[in-house]
Amino acid sequence: MATRTKEQAASRYQKLGLSEQDLLSMHRTMVTARLCDEAQFRLNRQGKAPFVVPVSGHEGCQIGSAWPYRKSHDVFVPYYRDMGVCLVAGMTPRDVFLGVFGKRDDPSSSGRQMPAHWGSRCLGIVTGSSPIATQIPHAAGIAYAITYRGEDAVVGCWFGDGATSEGDWHEGLNFSGIHRLPVVWYCENNMYAISVPLSKQMAVKDVAERGPAYGFEGIVVDGNDVLGCYEASRAAVERAREGRGPTLIEMKTYRFHPHTSDDDRTYRSREEVEEAKRKDPIVLFGNYLKELGLADDGELERLRSELKEQVDAEVEAAWNASDPSPEEALNHVFSQGESNEQRVGRTTGRAGSGEAPGDASILETTGSEASPAEPPSESPSESPR
Ligand SMILES: Cc1ncc(C[n+]2csc(CCOP(=O)(O)OP(=O)(O)O)c2C)c(N)n1
Ligand SMILES: [Mg+2]
């Protein structure tokens, strides 16, 4: 293979409007995600972390695709494997491990959700449910609300290849195409839904082929190429922000570890996994930095050790953080300051009547509260944004 000059290599990131600093920062985030993953798996095997979802292998596609978003302005709708997306959105390794340990200050849910069910109101990360693909209609609905209010935020929604076999997925994408919504759909195609291979999930080659069926473009990118993912994502985010509708981006990737810490790995051969590791997105991006003269092997190794020390310190701090107290168990679960009886009374106009929740009469609702909200008079596609 012909070797390219340093200038030729540099023209790639320069054309994308990135700086050397951006590249180093992306690389740092990828390595941080990998180190958090290694730490959480170790903690799981030590019996300290009950359940973890590995990210290793997906760092290139997650960090590249999330990078173009405006932090604390746009909306992130990730799925469980998206630690890298959440680090880009502004979560920290401390946040990750507060969640892993189910601590009181876990930003996602104060330890109420399962680990890896990311959420943060201030960072614009929308919490998800465990059933696969339920975030897809959420993302479409949020994008609809953004358009309806005339705002300029963009919604990024991430999911696995398995999610694309769910009805929710098709409904959400269809709705987004009809209303030209400001949403970008990212499929992290790692070729398996737990043990089910792609060939048993779909009869077409690429998930991206489905985009045109819903009226928008579907693009395939190499998920191990962080800059390729960035490039496709940046164009799609711009398109969405300009009111030109959704895009489906399929990022071909691979997970290096089992599905979760509870999975076995008998459905993939060791050779297949080893082969995929030869295209490790962190190694590939490290090679690019070396080609540009931004780092050498020694510097990459030093960076890894430095970041590992930081991650280990965050693990320690999160481990020593307070657990939620039993008295706080129902915080953020039910609305505060209102008993169930009062709530039922409020919706029936019989506050404090003392009727049991099972009583059929209390299931009546008042006329006004039973009616649905007024539908918009015009669809967003008809009104200028
Ligand atoms: C509706 C539903 N069906 C099945 C499951 C069990 N389940 C959890 S993760 C998963 C695999 C999803 O695979 P994919 O979307 O490809 O994401 P990946 O884990 O590969 O990143 C399945 C089947 C679930 N949570 N919800
Ligand atoms: Mg998958």
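**Chat notes**

Modeller: Starting with a glycine: Gly150 follows α6 and has a positive phi, near 75°. Helices and strands here are DSSP runs (H or I, at least four residues, for helices; E, at least two, for strands), numbered from the N terminus. Bear in mind that this is a predicted model: local features need pLDDT of at least 70, side-chain atom pairs count only at pLDDT 80 or more, and totals for chains, interfaces and linings use all residues. Residues are numbered from 1 along each chain as its sequence is written, while chains are lettered from A and ligands numbered from 1 in the order in which they are written.

Biologist: OK. How many helices and strands does the chain have?

Modeller: There are 13 helices and seven strands.

Biologist: And what share of the chain's residues is buried?

Modeller: Of the 385 residues, 40% are buried. Buried is 20 or more other C-beta atoms within 10 Å of the residue's own, exposed is 12 or fewer, and partly exposed is in between, with C-beta atoms placed from the backbone.

Biologist: Back to α6. What span should α6 have, and what does the model give?

Modeller: Helix α6 covers residues 135-149, and its 15 residues should span 21 Å at 1.5 Å a residue, which agrees with end C-alpha atoms 21 Å apart. The expected span is 1.5 Å times one less than the number of residues.

Biologist: What do the buried residues of α6 pack against?

Modeller: They pack against β1, β2, α7 (167-178) and β3. The buried set includes Ile136, Ala139, Ala143 and Ile146. Contact here is two C-beta atoms, placed from the backbone, within 7 Å.

Biologist: Now the sheet. What's the strand order?

Modeller: It's an open sheet of five strands, β1-β2-β3-β7-β6, with parallel pairing. Two strands pair if DSSP finds at least two bridges between them. The edges are β1 (75-77) and β6 (218-222), each pairing on one side only.

Biologist: How many bridges join β6 to β7?

Modeller: Five, with β7 being residues 247-252. Asp222 has Lys252 of β7 as its bridge partner. Elsewhere, β2 and β3 pair over six bridges, also in the parallel sense, and Cys157 sits opposite Trp185 in β3.

Biologist: Is β3 mostly covered or exposed?

Modeller: Mostly covered, with seven of its seven residues buried. Val183, Trp185, Cys187 and Asn189 point one way, and Val184, Tyr186 and Glu188 point the other. In a regular strand, side chains alternate between the two faces of the sheet.

Biologist: Which helix lies across β2, β3 and β7?

Modeller: That's α3 (residues 59-66), at about 150° to β7. Angles run from 0 to 180 degrees between N-to-C directions, using lines fitted to C-alpha atoms, for helices over the stretch in contact.

Biologist: Switching to the ligand: which residues are closest to ligand 1?

Modeller: Pro131, Ile132, Gly160, Gly162 and Ala193 are the closest of the 15 residues that surround ligand 1. Near means a C-beta atom, placed from the backbone, within 6 Å. Two elements give two or more residues to the shell: β2 (155-160) and β4 (192-193).

Biologist: What about Ile194, buried or exposed?

Modeller: Ile194 counts as exposed because it has 11 C-beta neighbours inside 10 Å. This residue lies in the loop between β4 and β5 (196-197). Ile194 also has a positive phi of about 50° although it isn't a glycine. Most residues other than glycine have a negative phi.
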